[in-house]
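The entries follow the order in which I looked things up.

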Amino acid sequence: MMSHQEHAHQTPAQLLAAQTSAAEAVPLIHNMPPFRERLQRGLGDENMHRALERFAPSWRQSRQTLFAAAEAEYGPDYSFAHLRQRLRAAKDEAIARQEELVAQFKERAEAAGAVVYEARTAEDANRYIYELCRRKGITLVVKSKTMVSEEIELNHYLEERGIKAVETDLGEWVAQLDHERPSHMVMPIIHKTRQQVGEVLSRATGREISREDVAEQVAVIRREHRQAFLTAGMGISGANALIAESGTVMLNTNEGNGRMVTSLPPVHVVLAGYDKLLPTFADAITQIRLLARSATGQPMTSYTTFITGPDRPGKEVHIVLLDNGRSAMRADPRFKEALRCIRCAACANICPPYQQVGGHAFGYIYSGAIGLVVTPFHHGLEAAAGPQSLCVSCNACETVCPVEIPLPSLILDVRSRVATREGLPWLKRLIFAAFARPRLFDLLARLAALGQWPATLGTPYVRYRYLRFLERLPGLGALARLTRWRSLPAFALRPLRDRVGVRADLAAARQRPHRAGELTVCYFAGCMTDRLYPEMGEAVIQILERSGLRVVFPRAQHCCGLPALNSGDRAHGLTMAKQTVRMLEHALDESGADYIVSASTSCVVTLVQDYLRLFEDLQMQSWLNRTRALAERIMDFTTFLLRVLVAEQRLPALRRPAPGSAPVVTYHDSCQSCNCLGLRAEARQVISEVLGLELREMTDSDVCCGFGGSTSIEHPEIAERLLARKLSHAEETGARLLVSDNPGCLMHLRGGVDASGKPLRVLHLAQLVAEYLP
Amino acid sequence: MNSSALFAQFQRRLSAAGGVAQWAEDLAQAAGIIATHPALAEQRLIIPPAFASCQPWGAILPLLRRHGLHLEEAATPEQVADAPAGLSSAVLAIAETGSVVLADNSLAARIVGMLTLTHFVLVSAEQLVPLLDEAATLLQTLTRPGPQQQHYISLVTGPSRTADIERTLTIGVQGPRALHVIVVATPSTGDLSSAS
């Protein structure tokens, strides 16, 4: 990968091409089943789903409680937001000053008696540790949990050369005994039941170990490992931080094995990536405040150990600093941010698809969102190709990351590299090529609206029962199967653009005389509203106009490019981004509009966030400036409704529902609304205060509904499960109205309601408000 | 924050982590707490080597003996492994997290807190501080190069535990199954006549 500086004189096209070459690490992982196999296994593992689905809500709850309690007790300096800013700054400093801090760390650690070895590759690190064993005649090694050792397959390397490596962390040990890899960075065997653990332990010890009694199972490890601890010639640990100011290694553990591994054997080897460097103890304390809360929702790990050189004569401490793709990450202006990771796995804990497939499929060696991001650097782009396709771009991971890594956009970067390297599937390529041509797209959408009758029978849905007979056919069969659990929407015979009348005349809007204080809004509908749900768009226009605003609808508007960008097709995404920026600028010029409003938060996020990143990446400075200027005028409908229509008292007095007959509403937070735009209270305020309706919160209202753009087509099994959970949570509230403010979610939810026959009406917030206009 | 409020906070946090904190006015009271604990049923207590000369804690040893305890200096892991009770001292206690800071270069001293089943830790009320940030300052001092440099420092928060199997919390894995921190108001011997 090239550094930013090297990009200086390249054209956007060259940059697009250049950014597809990921750092090449040698893929060395043996016996790793192919992605498809891991995925099928994960999807079929009911025990694992249950475990992960049970874990997620309790983790969310305890994590949130802990951070809130700390803030309440100690003030805003101890809030999650503040702590993560501090740790992020410390990590960024460590990344920027790496050479200097390595030198300092080395000097202090060596002065304290440690040996520091810098390993460029996995092979270098493995060889160093093996040679150390060989020189000292060591044949038994005890290990405490280290992900870096999984990264370089140290156990395998040592065992091939006749050295026995025993994992002493309970979960790692059970995984080792069962010839498995950890499926979670912090809870390695979260995918196993106690029955399975009991079986593995019985097999390994040759004794009958309880299948039910976890305490008995835990007691086994204490007994079984005692001898190994006392006789091993070497202990190997990882590091949670390398503290430069003193040359200290920090280790966080719970079971007590870490202290034994690092204390009892005469040789201690620390295996750590350069990314573990921190400048000071104060930074390490900030990390401590974030790590356990983020990882398991506990306040602190039981043991935090600080090792500064050997503790006694005759003891040796060797610190192996591993690169293995990290300097390539550091050289990349975007991916260097991923080096901040402290391996807490919060990004896995909160990830909806992770819960459905587990860490063996959602990742490679490293799992969770961060796994999708770092795998190309440690194990090659190929290894990340399958797993990255599982991301639904819900952005939840970014909200909980304790070092603010922009995980969702880095995953999209990986996706676009994969797409360019492997090429998109022909169907997607064709679709995006059509999407990028507004007139062709318009024609195709109109033809589809006319020709869809056999699949819709004139209803608003493409339903399974109409298509069932196609199921056995190639191609069309796949479409039929997709509708089994979610009816697809029909194209509107008259798209919104055909219904807007004079509002499409931009210049006329400016020329008509204005009343004092009259606002003009340029409405960007988004293609889904335009082509599938024009009635949502009409509701928006109706509310704006009944509030005394002037609405213009530029007919040149087209798709913002989100589907292409989300699929890693940056070339077509770029075309559509430029089209949209140009179109909106023109519309503002012609109409003199004060705001650009969209009732699709996905489109808003694309316009105000994704474009900026795209133009920045491709160093298109003037486009970047133009987008920034536009972004100031863009507002999502929900915010606009509250901040302008309600706050400025423009919205007419709404009809109040008759007492006793008011419908009960439940609200689904679209990922883009809550995770990207930070909207949580706004829509709720509209429902309960502005409309005066009863709002009943559903469980996990802010967890992805499973649409995830094209992920729902690529991995329908996942989309189906997430949708089923969402709908049952909605149904449990007893509400009859399910409301959201993003057409993508609404399409998915409506389709699921239609296919399952659940007694729910699915509405856009604008439609709900419009129903109460006087 | 006054010392009783600070202790109450420390106690709450440690108890949330599965440990126990107790207040003792002086060493005599501390010795009584240890001696009457069920872990001392066999009256065997492992102590770090040369604990007698450890200021100010060495003075507790005669008091413990007076309770009839048999004190055994830790020497090898084999000897200490799974012994019912061990005693050591901490250099800092932190109310924010319920943690104690143990600093011992000697392996023999460390295994008391690593391998015994119930670990008693003495810390003076003076060393009880509100926030983890003070641990950072102390760590800087303790790791400073020189003959006093501490090579192995542990921040201990409760007994050893795991939730690896079905997220069922189990206390006591490789380390102690119980952690008992005694915060001593005045680490002097108190009224010797009443202790005897």
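I started with Val665(A), whose bridge partner in S18(A) is Leu695(A). This is a predicted model, where local features need pLDDT of at least 70, side-chain atom pairs count only at pLDDT 80 or more, and totals for chains, interfaces and linings use all residues. Residues are numbered from 1 along each chain as its sequence is written, while chains are lettered from A and ligands numbered from 1 in the order in which they are written.

Strand S17 (664–667) of chain A pairs with S18(A) in the parallel sense over two bridges. Pairing takes at least two DSSP bridges; helices (H or I, at least four residues) and strands (E, at least two) are DSSP runs, numbered from the N terminus. I then traced the open sheet of four strands, with parallel pairing, in the order S18-S17-S19-S20 (chain A). Its edge strands are S18 (694–695) and S20 (761–764) of chain A, each pairing on one side only.

Next I checked confidence (pLDDT, from 0 to 100 for each residue). Chain A has a mean pLDDT of 93, with 96% of its residues at 70 or more. Over residues 1–8 of chain A the pLDDT is below 50. Where pLDDT is low, the predicted coordinates should not be read in detail.

Last, I looked at the contact between the chains (C-beta atoms, placed from the backbone, within 7 Å). Chain A gives 50 residues and chain B 42 residues. H11(A) gives the most to the side of chain A that touches chain B, with nine residues. S9(A) pairs with strand S9 (152–156) of chain B in the antiparallel sense over five bridges, and Thr304(A) stands opposite Leu155(B).

Notes. pLDDT is the predictor's confidence in each residue, from 0 to 100. Two residues are in contact if their C-beta atoms, placed from the backbone, lie within 7 Å.
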